[in-house]
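Open the model in your viewer and keep the selection tool handy.

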Amino acid sequence: MAILHFDNVGIAALTCAVPEFTQCVNEDPGLEHAAYVRSFVKKIGIRQRQVSLIEQTTTDLGHAAVERALAIAGWEANSLDALIYLSQMPDFNPGTGNAFVMHKRLGLPAACMAFDITLGCSSFPYGLAVCASLLQQAHINRVAMISGDNVWSCVPYKEVLLEESVFLFGEGTTALLLENRDNSPIDLSLLSDGSGYEYLFNPSAGSRNNWRKGKTLRLSNGQQITVPPPKGNQYMDGPEITAFSTTTVVDAIKEFLERTGRPISSYDGLVLHQANRQIVRTIAKRVGADEAQVPLSLDRYANTSGASVPLTIADAYGGRSAGMLSLLACAYGIGLSWGIASFDIDASVIQPIFRTDRRFDEGYITRD
């Protein structure tokens, strides 16, 4: 395991914006599948989420989040040297990444570089490593890291979204501002296992599937599908992902702690990707963390993909008056990919999660 070590990287602000609308798991005992719903809530731990019912994308939420973050830090937008957007769901085509949309909205100069990182649930440690690496350069002093995905864009109509009695994913976008200044070091480790990509992917999208429309294929769990599948986009082999999360990821955290020479008890918090409650508790127990060290946000916000870790930090620590927090974060998911980050953050720069219905109408070319 390689440990990436960064000095002189400080966090100036952390914010999180979520949509106004709250959708709750339907626990009506009269439901035909009420027993399944009760079991879902008990095992997965999700009771509600925030979703957009209007044309509101992650860049709309991201703009609200980064504006608030800039105000907290006391920075002008044009003082940013780089903007990194972590998302799998671009407003437009993947090449026109969300970073460019945000670059325009903030009125950033050409000297501010902007690009996307297209990871999902594991993106926090990867994004942090990229931002910290940029800040090691002589002429890069301030970086914005924005993380978020949509839910509603994966369904054909919002009515489909609202009919769901249970769900895994919610919406929220976070903004993290980092700068070059004296600070305690950040340690990171990033890991990948491409042999597992077929356990968590979209079997109906991508150029390869354009050649396979109408063909019947077999997924890793033995299920046969016809391309494109009649419903849903994301495929997940639950047993494989659970095994990966509770063994491989656990081993990685243990090795990270051993290599950095810090016991888990030395951290104020262990912030884990909010996949489901059982996985979070299993990982925490196996690495020896106290339950009080491990915040949960998925019961109210569900799995918010790449925003999961910073959203959970905002939920757990936002609004605290002051004091340095020493956090160990771990995120894992698509790829397969996983990463661990050890860093300190002043609680006073973490803002509580806020709701917004802000959205932009833009990006369409019309002709008379």
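**First stop: two helices**

Select Thr 58, Thr 59, Asp 60, Gly 62, His 63 and Val 66 in H2, and you will find them meeting Asn 98, Val 101, Met 102 and Arg 105 in H3 (contact means heavy atoms within 4.5 Å). The residues of this contact divide into three nonpolar, five polar and two charged (Ala, Val, Leu, Ile, Met, Phe, Trp, Tyr, Cys and Pro count as nonpolar, Asp, Glu, Lys and Arg as charged, and the others, Gly among them, as polar).

A word on the model: it is predicted, with local features needing pLDDT of at least 70 and side-chain atom pairs pLDDT 80 or more, while totals for chains, interfaces and linings use all residues. Residues are numbered from 1 along each chain, and side-chain values use heavy atoms, without hydrogens and water.

Now show H2 (residues 58-73) and H3 (residues 98-105) whole: they pack at about 50°, with axes 10 Å apart. Helices here are DSSP runs of H or I with at least four residues, strands runs of E with at least two, numbered from the N terminus. Axes are lines fitted to C-alpha atoms, for helices over the stretch in contact, and angles run from 0 to 180 degrees between N-to-C directions.

**Next stop: the sheet**

Select E15 (residues 324-333) and E16 (residues 337-346), which pair in the antiparallel sense over ten bridges; pairing requires at least two bridges found by DSSP. Which residue stands opposite Trp 338 in E16? Tyr 332 does. Finish with helix H7 (residues 277-286), which packs on the sheet and touches E14 and E15.
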